[in-house]
Amino acid sequence: MSVPLRQQISVASYLFKQKIKGVKRYPLVLMLEPLFRCNLACAGCGKIDYPDDILNKRLSVEECLAAVDECGAPIVSIAGGEPLLHKELPQVVEGMIARKKYVYLCTNALLLKKRMDDYKPSPYFNFSIHLDGTRERHDASVCQEGVFDKAIEVIKMALERGFRVTVNCTLFQGETPEEVAEFLDFTKSLGVEAVTIAPGFSYEHAPAQDVFIKLREGRELFRKVFQIGKKRKWNLNHSSLYLDYLAGNQDYHCTPWGNPTRNVFGWQKPCYLLADEGNAASFKALLEETHWEKYGNTKNPKCANCMAHCGFEATAVEDAISNPWKAVWTGITGPRTEGPMAPEPVHEWEHNSTPAGHPHFQIQAVD
Ligand code: SF4
Ligand code: SF4
């Protein structure tokens, strides 16, 4: 099983329309954070370090749906915090499905057994379950024993009831390629639709700072994982070129407006990952007011090790539109796991000028 054809066609047709209209910056996935409160306190989380008055805030149903309408992205990822703590979330999801949006409800699954009856299976709706690896890894990552087993129990329950289910996995320091491969084999045996995977972003506000994978380590880890996975046919919820990028073969600049974030503060500049750069009052204002040129692996030390799908999947999609044969070929052969890697980003804050002739980026998404 992988992303259903209906969804692939809807997204392709949306992309086609943006190209025909000549839209330069368009959203692909709306990241909606209707609250920051969570029922876990993971070591690598950059979302829950707020005072109680902020953690107690909720976006209303109307605010959530207004964000969906304003932004227009075909896919909505509902994150947080723990979205299932939001009492009106079923109405939010219902409103999104009525608008024919593809909804990924990201949850740590602790409340899902209790709340599953509030939702109905739909081709537009997907439970995206947070699992950061095998039992030992995941329970260590979320700093609580038993969470992995609870998540597996509800994944099986949701699948039995006919829900679409994916897994979202963040990788942290110390992960071995064999462990990641074992985990991906396991998720395949569970029968989930696909797995979203990326190295954890080094949130400044995360309780632990030594858990994050550096860019070079991330590339090496993914190469080895994909080497093991050559014949295993894992369903990864990513474009072929994003996977190739993770394996160190693409020299991309991020496209943060591809995954705009609406949370209790407004529209977060510039992306889901950076929390201290200010907020815009509307999606239009986000596009117009953000100094996009200040961000990216080469531009900003906060971005130095970012490989997140919310930054680079939209870049990979743009690349696939410009170079369809490259995308198809990479899809057939899988990410390259040998040979030289793409040059590492040159940090402009460390160098006054870029070395002449350095093949900086294939995609220049920023003016
Ligand atoms: S990473 Fe997710 S599950 Fe963990 S504390 Fe943060 S919001 Fe909650
Ligand atoms: S590299 Fe891009 S997506 Fe990643 S944190 Fe920086 S601005 Fe955000």
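Which residues does V76 touch, not counting residues up to four places away in sequence? The legends below take up this question among other views.

**Figure 1. Overall view of the protein in the predicted model.** Local features need pLDDT of at least 70 and side-chain atom pairs count only at pLDDT 80 or more, while totals for chains, interfaces and linings use all residues of this predicted model. Residues are numbered from 1 along each chain as its sequence is written, and chains are lettered from A and ligands numbered from 1 in the order in which they are written. The protein contains 13 helices and 9 strands, these being DSSP runs (H or I of at least four residues for helices, E of at least two for strands) numbered from the N terminus. Its C-alpha trace spans about 60 × 45 × 40 Å along the principal axes. Of the 367 residues, 47% count as buried, where buried means that 20 or more other C-beta atoms, placed from the backbone, lie within 10 Å of the residue's own, exposed means 12 or fewer, and partly exposed lies in between.

**Figure 2. Surroundings of V76 in the largest nonpolar core.** V76 touches L30, L32, V68, M96, K101 and V103, leaving aside residues up to four places away in sequence; a contact requires C-beta atoms, placed from the backbone, within 7 Å. The largest nonpolar core has 97 residues, and L30, V76 and V103 are those with the most contacts inside it. Such a core is a set of buried Ala, Val, Leu, Ile, Met, Phe, Trp, Tyr and Cys residues joined through C-beta atoms within 7 Å.

Figure 3. Just after α3, G72 takes a positive phi of about 85°.

**Figure 4. E94 in helix α4.** E94 counts as partly exposed because it has 18 C-beta neighbours inside 10 Å. The C-alpha atoms of E94 and L112, which are 18 residues apart along the chain, are separated by 17 Å.

**Figure 5. Residues around ligand 1.** Among the 13 residues around ligand 1, C38, L40, C42, C45 and N108 come nearest, a residue being near if its C-beta atom, placed from the backbone, lies within 6 Å of the molecule.

Conventions: Two residues are in contact if their C-beta atoms, placed from the backbone, lie within 7 Å.
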